[in-house]
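Thanks for coming. I will go through a few local features of one model, and I will give the cut-offs as the terms come up.

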Amino acid sequence: MATAAPPVPEPDDMDCSVCHEQYAQPKLLPCGHLLCHHCLLSWLQSQDQALCPLCRCAIVDPEERGQKSVQDVADGFPTDLAMADLVGAHRLLKQSHSCICEEAAATCLCLTCGDLFCESCRKIHMKQKVARNHTVEDLTSLTVDKVAGSQPAACTVHADKTTELFCPTHGESICHLCATSRHRSCPEVKDMEEKVKDARAVLAELAVTLTEGEARLDKAIQQLDDHLAETEKQTKKAVAEIEAVCARLEKSVQDCRHRLNELAHSACSHVKEAVTETKTCLLQRRGKLTSHKHVVQRVQEAKNRDTVSTMTPVMQTRVGSLDCSVTLPSGAKVVSKVTVVIDAEAVARIEKELSGLGQAKVMSADLDFGLVPVLSFHDNHGDDIVLSNNKQTAEKRGRGCCDGIVVASQPMMTNMLYEVILDKRDAGTGFVMYTGATTTPPEALTLPTDASGWPSAVVISHNAVTVNGGQTLNTNVGRKLKDLPEKSRVGVMLDMKRSLHLYINGDDQGEAAPSLPDPCFAFFELWGPYRQVTALPVRRIP
């Protein structure tokens with residue numbers, strides 16, 4: 001997917017939000033915004049809570065802040081080299097400069113060697129054999145982005161040499177002299193053009209990831225707005241019905257009318273507050289994606305090759321740590337219907353004396369935007385398990401049979417298939433992969449060494465289904481769980497009646513257990529030779 005080139009920042013966009021001066025060593029915050037290094041230091045020192053001054057996202061966790069000095073925290077953030085290049089170029093074009101001869105004002109810049117010349121020195125420079133292919137342009141015709149990418153990158157070891165190579169082993173841009181000396185024993189030294197080409201390809205993929213994440217969050221935010229509007233509509237409808245009843249009771253019902261209006265508004269207010277809070281969370285996450293997308297696009301379009309090669313792994317790590325999925329709080333509710341319930345006997349009594357005129361009732365429903373959830377594993381897992389790939393891959397490191405349980409981070413939604421693919425398994429026969437659902441949130445679980453007899457779960461094996469460690473349902477729904485080959489797919493699904501179904505390689509094996517409570521969480525156990533599974537995209541079952 002192609003992305004449009006980001007506009008070159010205007011001078012005001014290069015200003016720090018704290019000092020309101022152009023960035024000096026701009027540090028990239030977790031939210032994607034920038035602060036000068038010295039401003040970040042002073043900001044962290046002056047604030048009880050380290051929040052970004054622009055979006056109020058946390059700059060550093062309180063626990064980390066307590067473990068590190070402010071200096072170490074500030075130094076730990078990467079420098080946005082692309083922005084630093086642009087700021088330097090803007091300053092160069094804004095200021096007046098002298099020619100290298102120091103006898104006249106400079107009128108042009110050699111984009112190849114970075115020297116400033118007056119007209120006389122320019123002619124001399126271009127006559128030199130070594131400079132015949134250099135690009136020299138008038139200062140008045142140069143743009144910030146062109147200058148930012150034109151400055152030659154000097155080798156950090158040999159200042160008189162430019163960097164033309166890249167050493168992946170050390171992650172350094174080097175000159176040819178370094179390649180034959182300090183890096184002679186390195187297994188691979190790449191041409192800088194090849195490295196930059198690879199880096200730009202990675203940056204393009206990062207930009208697509210961030211753009212798609214923005215779109216998903218935009219969709220969720222829009223639907224939250226729709227729910228807010230519907231809540232307001234239902235509130236007005238409830239108030240209108242109350243007004244109609246109160247009108248029939250004329251003056252004697254005025255006090256009761258006021259009470260019922262308050263009930264109606266109060267009944268819906270908690271829903272609006274919950275949805276608004278969820279929307280705020282999504283807006284902050286979207287802000288992070290947008291900020292990082294701008295950084296990625298800025299680095300992607302940067303002309304300085306060192307900047308691109310250096311910033312790319314930084315942005316890979318940063319984007320990898322961002323949450324591009326749409327996950328919502330498990331207990332979030334929206335108004336599906338607001339019904340005013342009037343007690344007929346109370347109405348009869350009110351004709352004689354006003355006392356208690358019914359109630360305003362809110363019918364709640366699970367918050368479902370029609371968006372597909374993401375299956376990832378909780379940090380509370382078996383002792384033999386290591387998570388990777390944004391907690392979507394679980395690997396069993398030891399060779400024992402037990403301590404291989406992983407549990408989904410989010411509760412199961414109905415008609416959604418939570419599925420994993422078996423990436424690795426050792427040789428051996430007669431082994432079973434266990435799966436099912438636990439009714440205890442993963443953060444509160446005490447995991448057994450193996451799933452059989454689990455007291456708070458429905459456990460599916462090849463010859464039975466065990467409920468809460470006691471009741472055994474004699475069913476062969478899991479008969480295909482035995483001796484699964486690599487690349488097999490195993491999943492569980494709750495139907496509309498909250499009955500648990502087992503799926504193997506996309507096929508429904510039947511109902512394993514009926515009427516599971518809400519919430520419940522899918523789990524998978526790597527038992528015996530089963531070494532690694534990876535979560536597949538959750539998909540809706542018609």
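**Strands, helices and cysteines**

I start with strand β11, residues 385–388: Ile385 and Leu387 lie on its covered face, while Val386 and Ser388 lie on the uncovered one. In a regular strand the side chains alternate between the two faces of the sheet.

Before going on, the conventions. This is a predicted model, where local features need pLDDT of at least 70 and side-chain atom pairs count only at pLDDT 80 or more, whereas totals for chains, interfaces and linings use all residues. Residues are numbered from 1 along each chain as its sequence is written, and side-chain values use heavy atoms, with hydrogens and water left out. Helices (H or I, at least four residues) and strands (E, at least two) are DSSP runs, numbered from the N terminus.

Back to β11. Four bridges join it to β12, residues 393–396, and the two run antiparallel; a pair of strands requires at least two bridges in DSSP. Ile385 stands opposite Lys396 in β12.

Next, an open sheet of six strands, in the order β13-β22-β15-β16-β17-β18, with antiparallel pairing. Its edges are β13 (405–407) and β18 (471–473), each with a single partner strand, so one side of each has no neighbour in the sheet. From one strand to the next, the twist averages 20°. At one end, β17 (residues 465–467) pairs with β18 over three bridges, in the antiparallel sense, and Val467 stands opposite Gln471 in β18.

Now a helix pair. Helix α4 (residues 81–94) packs on helix α10 (residues 305–321) at an angle of about 150°, with the axes 9 Å apart. Axes are lines fitted to C-alpha atoms, for helices over the stretch in contact, and angles run from 0 to 180 degrees between N-to-C directions. The two helices are therefore roughly antiparallel, a label for angles over 145 degrees. The contact (heavy atoms within 4.5 Å) involves Leu81, Ala82 and Asp85 of α4 with Thr307, Thr310 and Met311 of α10.

Cys19 has 25% relative accessibility, so it counts as partly exposed, the class between buried, under 20%, and exposed, over 50% relative accessible area (1.4 Å probe, protein chains only).

How values were computed: Angles under 35 degrees count as roughly parallel, over 145 as roughly antiparallel, 65 to 115 as roughly perpendicular and the rest as oblique.
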